[in-house]
Amino acid sequence: MAQNIAPGTPSTTTTTKNNTEKVVAGRDSHSVSKRLQHELMTLMMSTDKGISAFPDGDNLFKWVGTITGPASTVYDGLMYRLSLEFPSSYPYSAPTVKFITSCFHPNVDLHGNICLDILKEKWSASYDVRSILLSIQSLLGEPNNDSPLNGHAAELWVNQTAYKKHLLEQYKKANDDSK
């Protein structure tokens, strides 16, 4: 017996499949939210110096983080804000992390993008917000000059006195401009 169904009308099988996909996506989103809530609590309880991060408003998938430059480096005492955006596939996919505060550094471009292997090809689901922030904080004092995003910063890095002078000028200018 033939059915009278308009062409392009979803079949019951298609509708059921789409509803199942939405339920699975909702469940995945819920597990990511639970993971991010747990990471937030862990970060808040952490005694790590110079790092913090919180959701940006009510959106648990977008955070604003801060790091202070590591002691005994040219970044000592400087504070930087970062944006962290978590995909629905987190922690199996890395978040997108960028500097909001302008950062003069060999591994940071003019748009705030960061060249750090754990945010790209070396990402592991075992990493969390805390380990990301600590890695970026460490990168400030120990850049990878073999893979620079900012060639000028990489060239200057060898002369720490000149580097620090330029860094402080850039930092002051960026912070004055943002007020």
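Student: Which helix is Q137 found in?
Tutor: Q137 sits in helix α2. Helices here are DSSP runs of H or I with at least four residues, strands are runs of E with at least two, and both are numbered from the N terminus. This is a predicted model: local features need pLDDT of at least 70, side-chain atom pairs count only at pLDDT 80 or more, and totals for chains, interfaces and linings use all residues. Residues are numbered from 1 along each chain as its sequence is written, and side-chain values use heavy atoms, with hydrogens and water left out.

Student: Is Q137 buried or exposed?
Tutor: Q137 is buried, at a relative accessible area of 11%. Buried means under 20% relative accessible area, exposed over 50%, partly exposed in between (1.4 Å probe, protein chains only).

Student: What does Q137 touch?
Tutor: Leaving out residues up to four places away in sequence, Q137 touches K49, G50, I51, I67, T68 and P70. Contact means heavy atoms within 4.5 Å.

Student: And where does helix α2 lie?
Tutor: Helix α2 covers residues 129-141 and lies across β1, β2 (59-68), β3 and β4. Its direction is at about 130° to β1. Axes are lines fitted to C-alpha atoms, for helices over the stretch in contact, and angles run from 0 to 180 degrees between N-to-C directions.

Student: What's the strand order in the sheet?
Tutor: The sheet is open, has 4 strands in the order β1-β2-β3-β4, and its pairing is antiparallel. The edge strands are β1 (51-56) and β4 (96-99), each pairing on one side only. On average, neighbouring strands of this sheet are turned by 25° against each other, direction ignored. Two strands pair if DSSP finds at least two bridges between them.

Student: How many bridges join β3 to β4?
Tutor: There are 4 bridges between β3 (residues 79-85) and β4, and the two run antiparallel. As one example, E85 has T96 in β4 as its bridge partner.

Student: New topic. How many disulfides?
Tutor: The structure holds 0 disulfides. The test is a pair of cysteine sulfur atoms within 2.5 Å.
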